[in-house]
Amino acid sequence: MNKQSSAKFWHSIHSWVGLKLSLLMTFILLTGSIAVFSAEIDWLFLPEMRSFDSTPSAQVAWGASFDAARTKYPEYELDSLNRYLQEYIALQVIANTPWNELVRIWVEPSDGTISGVTPWYNVQRFLRSLHRRLMMPNNVGIPIVTFMAFPLLISLIAGLFIYKKFWRGLFKRPRFELKARIWLGDLHRLIGLWGSWFVALIIITSIWYFAEEFGGNAPPFPVPVSYLRGGSSELPADFSGQELDQAVELALIELPGLEIRRIGLGETLIIEGDLTANFVRPRANSVYIDPLNLKVLGSYKGEELGLHNRISEAADPLHFGYFGGLITKVIWFFLGICMTALSITGFMVYGSRLGKIVLSGKGSKVNDNPKNKEDIYFS
Amino acid sequence: MGYWRWPNIGLILVSIYLSLNNLGLLTSGPYGWTYHGERMLGATEIEFDSKGDIRSGEFIDARIWSSNAGVYSISADSQGDAFFTLEFDEGEEKEFRLLIPNHLNSPIIVTVSDVKQNSISWNLGKLYR
């Protein structure tokens, strides 16, 4: 296969794979991009979510928040207390109502003042379900969505093969003065070049999610034996906020420096948070405490997890882009929109190229005045 | 795109349909019945269930099962002022619409009374909206 026919081969692969699934791909990419800011969208819509005093992690009033929720809604079954990474979002207490509705009780983290209650279902849940599984049941939707990583991978590889000496194009301005077909192609290449690392990242994490769906999920965390044996079925009825504060102190002694992000309320208190390991979810650093006697049952840190767990833990922060706060979220959103634009511009280039062929009645030679071989394949 | 457009469009349309469904715009929601427990009204067992979210000032779907025949007054008012009556045969279950009082400050109490003034109640908890 000579160079020209090789480029033609990769180009036909790139355009076939890119085109055939372009609508669905665009839909998934767009919903994923918007989902990066789903918590912020909820924050805009729901005044109850807003916190204005930027309470540092160490000063969160866990006990007072627990007491406030339990006093105001004694019939609700409290599930967990959750601290978002963003300090402008209030502390969230997830609870189940007597009529079996999951709700979010929002509490001012500095003093435990309840700012309101909202339904579990929100913009974040909506976008997550739409992007992750197209609203379908998990076992149907997740394989469909994550399978899209494979055509995306083929498209990325083919794109790099057909663009010889692609580094030369990194600073090549799209020729906006020429017809749309040309500058759309230029723009498609430019975005593709700069965003290729991000596309690769999304492909890798999505293939991981695909593998997880088919049995590749990581083994369970090393939870304490006494936890596994089980105790009472739920949190003791007389458990108080003061005891919760004591449990938090014990957790901080067990894992010094733990920035608590979630406290699971049940037969065992599970206190999770951020510590020293990078690219792990809060659950990777956990302390288990018996609520009956406030005894630490066990704990583990991100560094103690096996490689399989670490890969599993890294997938979400890398795919969602929240690991660096608002800054990485802005970057992830922008790159997500760029990926969406890749799909759209690729479709438009192909469409205009096809239109040109149909109108001119010509074969495969489509560029008006090609200066080099690239122009033939990219126009 | 040729024939490939159909799986593309099909999957997107299905997800949009399911989204509208999920938001409750096409159906009343994906909720089943919530069992609130069984109580003894004299010698009669009464079971009460509700369906869906409970919102102040709105009707909910509810049902009662009675182990014996009888006529019962039912109310969802903490004071028991607004009530209606239903007649049951032995082992009969009846579905009805129940108006929830328009307040958020105190729990909603569903009360069932018989002609002998025996009464039982279910605390549905404080509503949040």
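**Exercise 1. Determine what distance separates the centres of domain 1 and domain 2 of chain B, and describe how spread out chain B is.**

*Solution.* Step 1. Chain B is divided into domain 1 (1-30) and domain 2 (33-125), with bounds that come from an automatic or database domain assignment. Taken over C-alpha atoms, the centres of these two domains of chain B are separated by 38 Å.

This is a predicted model, in which local features need pLDDT of at least 70 and side-chain atom pairs count only at pLDDT 80 or more, whereas totals for chains, interfaces and linings use all residues. Residues are numbered from 1 along each chain as its sequence is written, and chains are lettered from A and ligands numbered from 1 in the order in which they are written.

Step 1. Chain B has one helix and eight strands; helices (H or I, at least four residues) and strands (E, at least two) are DSSP runs, numbered from the N terminus. From the N terminus on, the order in chain B is α-β-β-β-β-β-β-β-β.

Step 2. Chain B is more spread out than a compact globule, because its radius of gyration is 20 Å, well over the 14 Å that the globule rule gives for 129 residues. The radius is taken over C-alpha atoms, and the rule is 2.2 Å times the number of residues to the power 0.38. Along the principal axes, the C-alpha atoms of chain B fill a box of roughly 75 × 35 × 20 Å.

**Exercise 2. Identify the buried residues of H11(A) and the helix against which they pack.**

*Solution.* Step 1. A residue is buried if 20 or more other C-beta atoms, placed from the backbone, lie within 10 Å of its own. In H11(A), Asn309(A), Ser312(A), Glu313(A), Ala314(A) and Ala315(A) are buried.

Step 1. These buried residues pack against helix H8 (180-216) of chain A.

Conventions. A residue is buried if 20 or more other C-beta atoms lie within 10 Å of its own, exposed if 12 or fewer, and partly exposed in between; C-beta atoms are placed from the backbone. Two residues are in contact if their C-beta atoms, placed from the backbone, lie within 7 Å.
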